[in-house]
Amino acid sequence: MWDDFAEYILSEVGENNVKIAEVGVGKFDRIANFLSEKDNITLIKTDIAPKDETVIKDDITKPNMNLYKDIDIIYSIRPPSELQPYLVGLAMEIDSQLIIKPLTNEDLNTGRVKMKLKNFKKASFYTLR
């Protein structure tokens, strides 16, 4: 499933040079590590409690907008429901695509903004563009 999720992001990117942000990376950085190996992707990882020096400290409820300047895609894996509206707000403010991979069977908490359910191979997630 995780390979399919990463493959979907790559399919959105194509050969274009893009900037991607994983918000709330936590300790699971398999997708970020895979994406950062691609020459056409500049990737940042953020979290309120960085696990190491590769993760930038940022609070999505009060994001440092300079970090997200020119970000093309934001994705978040299993973000807590109370943070999902902040992800939507950030994506809309910077005009970025948003991909949220919630816990299985979890409803989204995105307020009035409706995200589209996407099934890509064995991965299910929501997108906003």
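A residue counts as exposed when its relative accessible area is over 50%. In this predicted model, lysine 121 has a relative accessible area of 57% and is therefore exposed. Lysine 121 belongs to the loop that runs between strand 6 (116–120) and strand 7. Its backbone has a positive phi of about 55°, although the residue is not a glycine. Most residues other than glycine have a negative phi.

Along the chain, lysine 121 is 113 residues from tyrosine 8, yet the C-alpha atoms of the two are separated by 8.9 Å.

Tyrosine 8 is part of helix 1 (residues 2–13). With a relative accessibility of 6%, tyrosine 8 counts as buried, the limit for that class being under 20%. Apart from neighbours within four places in sequence, tyrosine 8 is in contact with Gln97, Ile99, Lys118, Phe120, Phe125 and Thr127.

One of these partners, glutamine 97, is located in strand 5 (residues 97–101). Glutamine 97 is buried as well, at a relative accessible area of 8%. Its side chain forms a polar contact of 3.1 Å with the side chain of glutamate 12. When residues up to four places away in sequence are not counted, glutamine 97 touches Tyr8, Glu12, Asp72, Ile73, Ile74, Leu128 and Arg129.

## Helix 3 and its covered face

Helix 3 spans residues 84–94. Its buried residues are Gln84, Leu87, Val88, Leu90 and Ala91. Viewed down the helix axis, these buried residues fall within an arc of 165°, so they line one face of helix 3. Met92 and Glu93, on the other side of the helix, are exposed.

Strand 1, strand 4, strand 5 and strand 7 (123–128) are among the elements that cover the buried residues of helix 3. Just after the helix, aspartate 95 adopts a positive phi of about 55°.

The loop between strand 4 and helix 3 contains arginine 78. This residue is partly exposed, with a relative accessible area of 38%. The phi of arginine 78 is near 50°, a positive value in a residue other than glycine.

Beyond its neighbours within four places in sequence, arginine 78 is in contact with Trp2, Phe28, Lys101, Pro102 and Leu103. For one of these partners, phenylalanine 28, the distance to arginine 78 is 10 Å from C-alpha to C-alpha, while 50 residues separate the pair in sequence.

## The largest pocket

The largest pocket holds about 290 Å³ of space. It is lined by 21 residues, of which Val23, Gly24, Val25, Asp47 and Pro80 are the closest to its centre.

Three strands each supply at least two residues of this lining: strand 1 (18–23), strand 2 (41–47) and strand 4 (73–77). Sorted by class, the lining of the largest pocket comprises ten nonpolar, five polar and six charged residues.

Notes: Residues numbered from 1 in each chain as written. Predicted model: local features only at pLDDT ≥ 70, side-chain atom pairs only at ≥ 80, totals over all residues. Heavy atoms only, no water. 1 Å grid on protein atoms, 1.4 Å probe; cavity = no way out; pocket = protein on both sides within 12 Å on 5 of 7 lines; lining within 4 Å. Points joined across faces, edges and corners; volume = space filled by probe spheres on them. Helix = DSSP H or I, 4+ residues; strand = E, 2+ residues; numbered from the N terminus. Nonpolar A, V, L, I, M, F, W, Y, C, P; charged D, E, K, R; others polar. Buried < 20%, exposed > 50% of the residue type's maximum accessible area, 1.4 Å probe, protein only. Polar contact = N/O pair within 3.5 Å; in protein donor to acceptor, adjacent residues only side chain to side chain. Contact = heavy atoms within 4.5 Å. Arc of directions from axis to C-beta.
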